[in-house]
Amino acid sequence: MFDHHSEAATDTRAAQKWIKVLSQYREPSALRSWFELGITIGPFVVLWVLAWASLSVSYWLTFAIAVLNGAFLLRLFIIQHDCGHGAFFKSRNLSDWLGRVIGVLTLTPYDVWRRSHSMHHSASGNLGRRGMGDVHTLTVTEYYALSAINRLLYRLYRNPVVLFGLGPSYLFLMQNRLPLGFTEYVKYWVSAMATNAGIILGLAVILYFGGWMPIVLIFLPSTILAATAGVWLFYVQHQFETTHWEKEPEWQMHHAALHGSSHYVLPKVLQWATGNIGIHHVHHLYSRLPFYRLPQVLRDHADLANINRMTIRDSLETARLHLWDEKTKRLLSFAQARLHYG
C-alpha cells in the first residue's frame, strides 16, 4: 500500500534536506489568497440563500443543497487552517482575524484551535507527547496493561461508529464550546466565548427570520457533513499501517512529519474541496506553505509525490487499525494484536 523503500523515504537526513527545497514555495500570493477565499465564501453564501429559498419548494431539495454546501464549509476550514499556520497572508494580523471570523462558521474557536494544532505539529509521531490535537492511539503494550473496562472504553472510542459517526458532531457542536486543555488561560476563554457569541447571534438571526427549519435542514446537515469529512481526513492523514511513532530520543520531528503523514490521492473535485490537505506529508514537513502551492510541489518533485500514497480504497482499510506495535513499527487491528500478543 505504501512505498517506503526509496532513499527519500528512508533517510532521516533527506527529510531535513526537503526543508530548504520547500522554503522556495513558502511565500503566499495576496491575489491568489483573496481569489481562493472568494471562490469559497461566495458559493457558500449563495448556496445558503438557495437552500433557504428552496424551503418553500421541497425540504429534500433544501437538504441536498445543504449537503453540497458542506464541501464549501470544509474548504473554509482549510483556509482557517492556513491562517493558523500563517500561510494564507503575509500579514499575521490579517490571517488571524480572518481565521477568527471563519471560526464562527466552522464552530471552531480560532485561537484555541491554533494552539492545539501547533502542539500537534510539534509532537506528531512522538509517543511521549500524545494527547493534544491527535487521534488517541495506544501501543499494544499499553492496551494489554489496561483493565477490562478501560479496554472496552478504548475499543468503543476507536469504533468507526463513534470515531466517524458520533465523534465529529460532538467535537464541533459541543467540545469546541470550551477551551479544553487551556482553561487556565484567559486568552483561550475569550476565543471560545467570542466564537460562541458569534454562533449564537447567527443562529438567533436565522431563528428569528426563518424559524427552526433552516437550522435543522441547512445549518446542521452542512455542519455535520463538513465535520465528519474533516475528522476522516485528519484520521487518514496519520492513522495508516506504516505511519511513524517513536519515543525520544529516537523521535525526530522532520522524519516523523514526512514518514508519519500520508499522501491522500483524491479525485480532482475532492482535492479542490479539501484544499489539497491530502498532500499532508508535504504540509507537515513545511506547514507555512499555502495550500494552493502543494500540488506544484508534487509536480516539481516526483520523489515527494511517491511517498506514502494512499487511495480512497486504501484509506477505507485504515479504519480497522487501532494499536501501535513498537516491535514491528506497524499499526495493527485488535484482531492482529490478539493473534500475536493476546
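## Close-up views of a predicted model

View 1. Tyr-143 is part of helix H7, which spans residues 140-144. The structure shown here and in the other views is a predicted model. Because its relative accessibility is 5%, under the 20% limit, Tyr-143 counts as buried. Beyond the residues up to four places away in sequence, Tyr-143 touches Leu-138, Arg-151, Tyr-154, Arg-155, Leu-323 and Phe-334. Phe-334 stands 191 residues from Tyr-143 along the chain, and the two C-alpha atoms are 9.8 Å apart.

View 2. Three strands form an open sheet in the order S1-S4-S5, and their pairing is mixed. Strand S1 (138-139) and strand S5 (330-332) are the edge strands; each has a single partner strand, so one side of each has no neighbour in the sheet. Strand S4 covers residues 323-325 and pairs with S5 in the antiparallel sense, over three bridges. Asp-325 is placed opposite Arg-330 of S5. Helix H18, residues 334-341, lies across S4 and S5 and runs at about 100° to S5.

**View 3. Helix H9 and its kink.** Helix H9 comprises 15 residues, 160-174. From its first C-alpha to its last it reaches 19 Å, close to the 21 Å expected at 1.5 Å a residue. H9 has a kink of about 50° at Gly-167, shortly before the proline Pro-168. At the start of H9, Asn-159 places a side-chain oxygen within 2.8 Å of the backbone nitrogen of Val-161. Leu-163, Phe-164, Pro-168, Ser-169 and Phe-172 are the buried residues of this helix. Their cover includes helix H4 (59-84), helix H5 (92-106), helix H8 (148-158) and helix H11 (213-238).

**View 4. Helix H6 and the elements that cover it.** Helix H6 (110-123) has 14 residues and reaches 20 Å from its first C-alpha to its last, close to the 20 Å expected at 1.5 Å a residue. Buried in H6 are Tyr-110, Asp-111, Val-112, Trp-113, Ser-116, His-117, His-120, His-121 and Ala-123. H4, H5 and H11 are among the elements that cover these residues, as are helix H10 (186-210), helix H12 (253-259) and helix H14 (280-285). Just after H6, Gly-125 adopts a positive phi of about 85°.

View 5. Asn-126 belongs to the loop between H6 and S1. With a relative accessibility of 0%, Asn-126 counts as buried. The side chain of Asn-126 reaches the backbone nitrogen of Gly-128 at 2.9 Å. Apart from neighbours within four places in sequence, Asn-126 is in contact with Trp-245, Glu-246, Glu-248 and Trp-251.

**View 6. Gln-80 in helix H4.** Gln-80 is a residue of helix H4. It is buried, with a relative accessible area of 0%. Not counting residues up to four places away in sequence, Gln-80 touches Gly-99, Ile-102, Gly-103, Thr-106, Thr-108, Tyr-110 and Trp-113. Tyr-110 and Trp-113 are also among the buried residues of H6.

**View 7. Leu-73 in helix H4.** Leu-73, too, is located in helix H4. Its relative accessible area is 5%, and Leu-73 is buried. With neighbours within four places in sequence left aside, Leu-73 is in contact with Phe-44, Leu-105, Thr-106, Ser-222, Thr-223 and Ala-226. Thr-106 is also one of the residues that Gln-80 touches. Between the C-alpha atoms of Leu-73 and Leu-321 the separation is 29 Å, for a pair 248 residues apart along the chain.

**View 8. Gln-237 in helix H11.** Gln-237 lies in helix H11. Its relative accessibility is 4%, and Gln-237 counts as buried. Residues that Gln-237 touches, not counting those up to four places away in sequence, are Gly-260, Ser-261, Ser-262, Ile-277 and His-280. The C-alpha atoms of Gln-237 and Gly-99 are separated by 22 Å, and the two residues are 138 apart along the chain.

Terms used: Residues numbered from 1 in each chain as written. Predicted model: local features only at pLDDT ≥ 70, side-chain atom pairs only at ≥ 80, totals over all residues. Heavy atoms only, no water. Helix = DSSP H or I, 4+ residues; strand = E, 2+ residues; numbered from the N terminus. Expected span 1.5 Å × (residues − 1). Bend = angle between axes of the 7 residues up to and from the residue. Buried < 20%, exposed > 50% of the residue type's maximum accessible area, 1.4 Å probe, protein only. Contact = heavy atoms within 4.5 Å. Polar contact = N/O pair within 3.5 Å; in protein donor to acceptor, adjacent residues only side chain to side chain. Pairing = 2+ DSSP bridges. Axes fitted to C-alpha atoms, helices over the stretch in contact; angles between N-to-C directions.
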